[in-house]
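Here is a short report for a reader new to this structure. Please keep the view open while reading.

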Amino acid sequence: VRRNPAEPEFHQAVAEVLGSLEPVLARHAHLRELRLLERLCEPERQVMFRVVWTDDHGVPRLNRGYRVGFSSALGPYKGGLRFHPSVTLGTVKFLAFEQIFKNALTGLGLGAGKGGADFDPAGRSDGEVMRFCQAYMTELYRHIGPHTDIPAGDIGVGTRELGYLFGQYKRITNRFDAGTLTGKAHTIGGSHVRTEATGYGVTYFLEAMLATRGDTLDGKTAVLSGSGNVATHAAAKLHDLGATVLACSDSTGTLHDPSGLRLDVLHEIKTARRKLDAYPELVPHARFLPGTTPWDIPCDIAVPAATQNELDESDAIALTKNGLRALAEGANMPCTPAAIDVFRDAGIAFAPGKAANAGGVATSALEMRQNASRERWDFPTTDQHLATIMREIHDTCLTTADEHDRPGDYTAGANIAGFLTVADAMTTLGIA
Ligand code: NDP
């Protein structure tokens with residue numbers, strides 16, 4: 001806390017991991033002697049920079065850009081960019097720290113990083129977003145590259161923004177290094193399934209969790225938060241696997257459709273960049289509840305997929321009382337520590353984001369592979385790879401939790417398995 005003041009989300013993420021690792025450090029004295037944990041909690045590098053761009057009236061605007069390279073023990077720094085007014089250095093550090101364990105769990109040779117800016121894309125024209133992306137990349141380009149640091153999307157950064165970012169990178173460097181950014185549109189080297197991957201991956205993880213309890217998603221009711229990339233694709237895959245998705249949300253409130261969300265209508269609204277209150281205009285029996293979260297709607301399955309600390313203890317109590325069976329975090333750290341305690345005490349299957357939402361970064365690694373070999377895999381092949389990776393991550397978490405006397409504890413399993421992989425690489429690389 002003394003070295004990293006005013007970074008509560010970073011402290012929260014570190015505290016959660018350290019809590020799981022105590023028994024591991026007690027068992028492996030050499031890891032303590034090498035001070036691996038202290039080293040792992042200090043980013044290898046952090047850059048902060050000024051981003052100046054002009055709005056549609058020709059007025060110069062100022063934002064702050066960030067990129068944190070947390071660990072390159074397993075491969076080049078890898079992690080998304082977030083454009084949201086709430087972004088601070090502490091936000092980026094917490095996300096990059098989580099990424100260490102997530103990326104290690106994929107087994108795909110990925111280091112960990114994250115970046116972003118306090119830019120708010122809401123209400124900005126396409127031209128403004130493009131000029132912001134170009135200004136942001138004009139500094140970022142010197143810190144990244146296919147063997148150094150490979151950004152992707154996150155909140156506020158999707159295919160459109162990645163296209164503008166890559167366009168500027170290509171212009172400045174005079175190279176078509178497609179492997180420098182992942183999540184690109186298919187026409188410029190993007191992989192099939194990358195857009196869907198995080199949401200699909202969460203659902204494959206849930207499927208595996210329920211299977212350990214002799215259950216399936218078929219016939220279940222589900223509630224999600226958010227209605228962005230992760231939430232909409234999780235909703236689509238839950239629907240494919242027989243679940244009924246009752247609700248989702250955005251920053252203005254919750255959309256509840258008791259007969260199951262119409263994904264075609266949702267898609268139409270999101271494509272037009274409209275808010276969810278437009279849905280009842282097209283589906284009159286649905287209700288939009290301004291200023292609320294979806295957690296008091298009874299459901300079997302919950303997927304928080306908006307942002308950090310969006311589900312607190314009282315939400316967890318409400319979900320538990322209403323019969324929740326399983327929760328998988330689609331967002332990064334969406335549940336507060338007190339909420340997680342409620343789920344643990346109630347015996348509800350709980351999957352942390354660093355395991356359940358790893359499908360996005362895993363498919364980014366598949367995009368890097370395709371960019372390097374100039375191959376193009378089709379959708380079903382890539383989706384099959386993703387499903388296999390998610391089942392493997394699920395099994396690794398469970399086996400590791402078992403081996404460390406925490407049966408069924410996916411959080412402990414994810415933290416310990418991720419840590420041991422990175423610790424092994426750091427030991428092999430020598431002190432640095
Ligand atoms: P998007 O920008 O596509 O969507 C974000 C959604 O969450 C929107 O519906 C947005 O509402 C809502 N939201 C964002 N911030 C807030 C807030 N402070 N309060 C309430 N609602 C909010 O982002 P993604 O779907 O890509 O990301 C969602 C989460 O998933 C993040 O935690 C991200 O880190 C995580 N994640 C994403 C991955 C990816 O591949 N994209 C990979 C792994 C994790 P509104 O539109 O009104 O702002």
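## The model

This is a predicted model, where local features need pLDDT of at least 70, side-chain atom pairs count only at pLDDT 80 or more, and totals for chains, interfaces and linings use all residues. Residues are numbered from 1 along each chain as its sequence is written.

## Two domains

The protein is divided into domain 1 (43-180) and domain 2 (195-351). These bounds come from an automatic or database domain assignment. The C-alpha centres of the two domains lie 27 Å apart. Their contact takes 6 residues from domain 1 and 6 residues from domain 2. Two residues are in contact if their C-beta atoms, placed from the backbone, lie within 7 Å.

On the side of domain 1 that touches domain 2, helix α4 (residues 89-106) gives the largest share, 3 residues. Helices are DSSP runs (H or I, at least four residues), numbered from the N terminus. By class, this side of domain 1 has 3 nonpolar, 2 polar and 1 charged residues. Ala, Val, Leu, Ile, Met, Phe, Trp, Tyr, Cys and Pro count as nonpolar, Asp, Glu, Lys and Arg as charged, and the others, Gly among them, as polar.

## Around the ligand

Where does the ligand shell lie? Both domain 1 and domain 2 give residues to the shell, so it lies between them. Of the 22 residues around the ligand, G228, D250, S251, A331 and G360 come nearest. A residue is near a molecule if its C-beta atom, placed from the backbone, lies within 6 Å of it.

Helix α8 (residues 229-240) gives the most to this shell, with 3 residues. The shell has 6 nonpolar, 14 polar and 2 charged residues.

## Helix α7 and its partners

The axes of helix α7 (residues 194-212) and helix α14 (residues 359-373) come within 7 Å and cross at roughly 140°. That makes α7 oblique to α14. Axes are lines fitted to C-alpha atoms, for helices over the stretch in contact, and angles run from 0 to 180 degrees between N-to-C directions. Angles under 35 degrees count as roughly parallel, over 145 as roughly antiparallel, 65 to 115 as roughly perpendicular and the rest as oblique. The crossing of α7 and α14 is right-handed; that is, the near helix is turned clockwise from the far one by less than a right angle. From α7, R194, A197, T198, Y200, G201 and V202 meet G359, G360, A362, T363, S364 and E367 in α14. These contact residues divide into 4 nonpolar, 6 polar and 2 charged.

Helix α15 (residues 379-403) also crosses α7, with axes within 9 Å and an angle of roughly 50°. Here too α7 is oblique, this time to α15. This crossing is right-handed. On the α7 side, the contact includes Y204, F205 and M209. On the α15 side, it includes L386, M390 and H394. By class, the contact of α7 with α15 has 10 nonpolar, 3 polar and 2 charged residues.

## Helix α4 and helix α16

The axes of α4 and helix α16 (residues 410-429) come within 8 Å and cross at roughly 80°. The two helices are therefore roughly perpendicular to each other. I100, F101, A104 and L105 in α4 meet residues of α16, including A414, F419 and V422.
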